[in-house]
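I opened this entry to record what I looked up, element by element. Notes follow the order in which I went through the model.

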Number of protein chains: 2
Amino acid sequence: MKNKKNELTKNQKIVLDFIQKSNKPVKAYSILSNVSKKGLKAPPQVYRALEKLIEVGEVHKIESLNSFVACNSKCIEPNGTIFSICKSCDQTTEVSNADLAKFLSDFKDMNGTQFSGFNLELFGTCKSCKA
Amino acid sequence: MKNKKNELTKNQKIVLDFIQKSNKPVKAYSILSNVSKKGLKAPPQVYRALEKLIEVGEVHKIESLNSFVACNSKCIEPNGTIFSICKSCDQTTEVSNADLAKFLSDFKDMNGTQFSGFNLELFGTCKSCKA
DNA sequence: AAATATTTCGTTATATTATAACACTACCTT
DNA sequence: AAGGTAGTGTTATAATATAACGAAATATTT
């Protein structure tokens, strides 16, 4: 067993806490400056926490934004992420659609081999930006 | 009309040419060092060419790799990209699957609004790496 | 408990990726 | 030929991310 108490460390909790409180994807250096008063003073501290949080599924990275969001815990697919991203304001929400998740999980390439993970980013315009 | 002869400029051709000759996604600074003998000496020259090439659909960016690939010209969906990426060697191929492309293009969120674009990255292990 | 291994930590430095800004050039349109 | 737009070359710098190292904390084995 790697870790008896499967708990997050102090730094990991601090970073997760900040991400969860944000209602938008946050950037690593934004996290850094916002938690610096809690003792995290250098990029590696943030990136290390992020790495762990992503590994355990608490956080996802939005690749096209170089930003991070908390998992909304409705993740249907453990190995895949689906996000809708507003092209105008970057507002991002995790999409929980069983059909879509199943379609992607079951998808096989030409050779019939299945994939082990996926990341889908859907771009559109959010309600507020349309209005 | 913006540009009568809808042609690529010299720099754009140089960059596209290099990307097309590569059999893997290439990084911007790798492009830069490889075409420096052709006169492109600073990052903005490469990034500007890339921007244009992406705009006209000749090149796609692989977000999770910060890399660029030439469109294989079998793009089914003009506003969406689908790539399979080998987790082990980064070998990337554009996936041309009509069903999947249609499913994604037609996908609507909870409110019934359609998206204007998407980017799907499928992660797996390529033939060579499996062997 | 002591010894060992593993993970995390704080820190400095640096690598990698990408853009701002500015003056200038080439070309297209009228 | 005059004006507009897009592209160019350049310098500098911003933004994102990791390498490396030794110390500290936590787990596991003895």
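**Entry 1**

I started with A:Leu53, which lies in helix 3 (residues 43-55) of chain A. Helices here are DSSP runs of H or I with at least four residues, strands are runs of E with at least two, and both are numbered from the N terminus. The model is predicted, so local features need pLDDT of at least 70 and side-chain atom pairs count only at pLDDT 80 or more, while totals for chains, interfaces and linings use all residues. Residues are numbered from 1 along each chain as its sequence is written, chains are lettered from A and ligands numbered from 1 in the order in which they are written, and side-chain values use heavy atoms, with hydrogens and water left out.

Is A:Leu53 buried or exposed? A:Leu53 counts as buried because its relative accessibility is 0%. Buried means under 20% relative accessible area, exposed over 50%, and partly exposed in between, with a 1.4 Å probe and protein chains only.

I then listed contacts, meaning heavy atoms within 4.5 Å. Leaving aside neighbours within four places in sequence, A:Leu53 is in contact with A:Leu8, A:Gln12, A:Val15, A:Leu16, A:Glu58 and A:Val59.

The axes of helix 1 (residues 10-21) and helix 3 (residues 43-55) of chain B come within 9 Å and cross at roughly 80 degrees. Helix 1 of chain B is therefore roughly perpendicular to helix 3 of chain B. Angles of 65 to 115 degrees count as roughly perpendicular, under 35 as roughly parallel, over 145 as roughly antiparallel, and the rest as oblique. Axes are lines fitted to C-alpha atoms, for helices over the stretch in contact, and angles run from 0 to 180 degrees between N-to-C directions.

From helix 1 of chain B, B:Asn11, B:Gln12, B:Val15, B:Leu16 and B:Ile19 take part. They meet B:Gln45, B:Ala49, B:Leu50, B:Lys52 and B:Leu53 in helix 3 of chain B.

**Entry 1: the chain A layout**

I counted five helices and five strands in chain A. The order from the N terminus is α-α-α-β-β-β-β-α-β-α. The C-alpha trace of chain A spans about 50 × 50 × 20 Å along its principal axes. Of its 131 residues, 39% count as buried.

Next came the hairpin. Strand 1 (residues 59-62) and strand 2 (residues 67-70) of chain A pair in the antiparallel sense over four bridges. Two strands pair if DSSP finds at least two bridges between them. A:Val59 has A:Ala70 in strand 2 as its bridge partner. Four residues separate the two strands, and A:Asn66 in the turn has a positive phi of about 50 degrees.

I traced an open sheet of six strands with mixed pairing, in the order 4(A)-3(A)-5(A)-5(B)-3(B)-4(B). Strand 4 (92-94) of chain A and strand 4 (92-94) of chain B stand at the edges, each with a single partner strand, so one side of each has no neighbour in the sheet. The twist averages 20 degrees from one strand to the next.

Within chain A, strand 3 (residues 80-86) and strand 5 run parallel, joined by seven bridges. A:Cys86 stands opposite A:Gly124 in strand 5 of chain A. Helix 4 of chain A lies across strands 3 and 5 of chain A together with strand 5 of chain B, at about 135 degrees to strand 5 of chain A.

**Entry 2: the two copies**

I superposed the copies by least squares on C-alpha atoms of residues with pLDDT of at least 70 in both. Chain A can be laid on chain B with an RMSD of 0.0 Å, by a turn of 180 degrees and a shift of 0.0 Å along the axis. The copies are thus related as by a two-fold rotation axis. Which C-alpha of chain A is nearest the axis? That of A:Leu120 is, at 2.2 Å.

**Entry 3: the core**

I looked up the largest nonpolar core, which has 20 residues. Such a core is a set of buried Ala, Val, Leu, Ile, Met, Phe, Trp, Tyr and Cys residues joined through side-chain atoms within 4.5 Å. A:Ile82, A:Leu120, B:Ile82 and B:Leu120 touch the most other members.
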